[in-house]
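Biologist: Please walk me through this one a piece at a time. Keep it plain.

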Amino acid sequence: LIVCRCTMLSATGIVVSVILMAIMVAINFLGVRKLAATNSAATWWKIAVPLLTILVLAISNFDMSNLTAANGFNPEGLKGIFAAVSTGGIIFSYLGFEQADQLAGESSNPKRDVPFAIIGSVVFGTILYIMLQLVFLFALPKSAIGDTWDQVGSGLYTTFTGPFAEIATLLSIGWLATIIYADAIISPGGTGLIYTTGSSRLAYGLSRNGYVPSAFEWTNSRNVPWVGLLAAFVTGCICFLPFPSWQSLVGLITSASVLMYGGAPLSLGAFRRRLPNADRPYRLPAAEILSPLAFVIANLIILWTGWETVWKLGVSILIGYAILIANRVFRLNEHKPTLDWKAASWLIPYLVGMGLIVYFSDFGPKGDAALIGFGWDALVVTVWSLVIYYWAMAVALSTEAIEEMIGEVEEPEEGMAPVAH
């Protein structure tokens with residue numbers, strides 16, 4: 001429901017973005033405690049401003065007839081909804097739970113904190129976002145809607161570049177518009193800050209497992225993996241070139257994230273089969289059902305992202321494999337990563353199969369003339385996902401091999417999360 005006109009960054013915009021990224025990296029250099037204080041302040045701000053916006057707009061203007069205004073509540077049909085889930089920022093809005101998982105090793109009580117952080121953030125975010133969508137829609141003046149939602153000159157897409165702030169201005173609530181414009185800087189800053197943190201920890205873990213150079217394990221006096229921070233900064237700057245707009249970047253991030261998340265239900269399913277009685281800080285109920293379902297949903301989100309994003313994701317995966325190969329060829333890490341070719345036999349067919357399905361689907365380059373029509377593409381993805389899931393379960397590592405790997409957990413330097421080979 002909430003849309004804005006996404007423009008490309010200008011040369012000045014790119015310079016400012018690089019400076020802001022450098023500030024985020026600098027804050028991360030101060031260590032987890034300083035970061036936690038900064039992130040906590042940003043989090044409370046990010047909660048307070050939306051709640052204030054919901055309250056003020058609901059009181060100022062609330063026209064429920066807007067729900068059926070213009071060309072209806074759902075002008076693009078199911079395909080439009082599915083595309084918005086992947087490329088409109090819907091899934092991206094919920095990705096914050098990932099950092100709770102990445103930093104779990106730095107929690108004093110993960111059994112209590114991790115489920116609360118992950119489940120709580122998703123539930124609270126869902127409620128908050130739905131309320132925001134509704135007050136935005138109901139607060140719209142009739143003059144801003146037009147005959148269709150995307151009508152050129154008077155439609156919603158062209159009228160608002162900063163939706164909430166401009167609606168507040170139209171309703172003569174200038175002080176709220178000022179706060180919302182400030183929030184447009186502070187809230188993304190908080191998100192970027194914690195994403196930078198998570199990226200450096202992931203690089204540290206990959207190095208401990210032998211997949212990237214040992215330099216990523218180097219930490220400063222505050223036990224911060226500074227090489228990973230610098231790598232995250234450089235990678236972020238490079239991404240401004242092929243992805244100069246928010247929407248083009250968020251599509252890739254969403255697709256890459258759900259591809260990564262797709263491995264989680266596979267791992268959960270394998271652990272439940274191989275180590276059913278292992279002690280777990282948190283035990284997910286009905287995992288045997290939720291694991292394949294989660295894998296199917298992750299792949300559907302990749303489908304809905306569309307070919308324009310998926311092919312770029314494929315290139316990114318190839319670059320990642322090139323880094324892994326170079327790391328081993330030039331012996332840049334003394335750790336030897338564990339790789340069982342039989343257990344990983346499903347991976348390449350899975351990636352190639354998903355790429356082909358997306359290409360020939362309704363979300364591919366041929367659109368409505370695609371070989372696999374809308375609706376059938378979701379069915380094909382579901383069947384393919386289940387084939388891959390149970391293939392992966394069948395070839396997963398043995399119980400003995402998993403227990404041996406768990407026994408190789410090393411205690412890292414104080415302040416860093418333990419990482420298993």
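Modeller: One term before anything else: buried means under 20% relative accessible area, exposed means over 50%, and partly exposed is in between (1.4 Å probe, protein chains only). This is a predicted model, so local features need pLDDT of at least 70 and side-chain atom pairs pLDDT 80 or more, while totals for chains, interfaces and linings use all residues. Residues are numbered from 1 along each chain as its sequence is written, and side-chain values use heavy atoms, without hydrogens or water.

Biologist: OK. Which residues of helix 9 are buried?

Modeller: Val227, Gly228, Leu229, Ala232 and Gly236 are the buried ones in helix 9. A helix here is a DSSP run of H or I with at least four residues, numbered from the N terminus.

Biologist: And what do the buried residues of helix 9 pack against?

Modeller: Against two other helices: helix 1, residues 11-29, and helix 8, residues 174-208. Contact means heavy atoms within 4.5 Å.

Biologist: What is Ile179 in contact with?

Modeller: Trp45, Val49 and Leu52, once its neighbours within four places in sequence are left aside. Take Val49: in sequence, Ile179 and Val49 are 130 residues apart, but from C-alpha to C-alpha they are 7.6 Å apart in space.

Biologist: Now the core. Which residues touch the most other members of the largest nonpolar core?

Modeller: That core has 33 residues, and the ones with the most partners in it are Val258, Leu266, Ile302, Leu303, Trp304, Trp346 and Tyr350. A nonpolar core is a set of buried Ala, Val, Leu, Ile, Met, Phe, Trp, Tyr and Cys residues joined through side-chain atoms within 4.5 Å.

Biologist: Which elements give two or more residues to this core?

Modeller: Helix 10 (246-261), helix 11 (263-274), helix 12 (287-305), helix 13 (307-329), helix 14 (347-360) and helix 15 (376-395). With eight residues, helix 12 gives the most to the core.

Biologist: Give me one residue as an example. What does Ile302 touch?

Modeller: Not counting residues up to four places away in sequence, Ile302 touches Ser255, Val258, Leu259, Val310, Tyr350, Met354 and Val358. Separately, there is a second core of 21 residues, and its members include Ala139, Ile145, Phe164 and Ile180.

Biologist: Which residues are buried in helix 14?

Modeller: Tyr350, Gly353, Met354, Gly355, Ile357 and Val358 are buried there. Of these, Tyr350, Met354 and Val358 are among the residues that Ile302 touches.

Biologist: How many salt bridges does the search find?

Modeller: Five in the whole structure. Each is a side-chain nitrogen of Lys or Arg within 4 Å of a carboxyl oxygen of Asp or Glu. One joins Asp113 and Arg112, at 2.6 Å from N to O. Asp113 has a relative accessible area of 23%, so it is partly exposed, whereas Arg112 is exposed at 52%.

Biologist: What does Glu217 form a salt bridge with?

Modeller: Arg208, with the closest N and O atoms 3.8 Å apart. Glu217 counts as buried because its relative accessibility is 14%. Arg208 also counts as buried, at 7%.

Biologist: Which side chain meets Glu308 in a salt bridge?

Modeller: That of Lys312, at 3.8 Å from N to O. Glu308 and Lys312 are four residues apart in helix 13, so about one helical turn separates them. Glu308 is exposed, with a relative accessible area of 53%.

Biologist: Last one. Which residues are linked in a network of salt bridges?

Modeller: Lys79, Asp362 and Asp368 make up that network.
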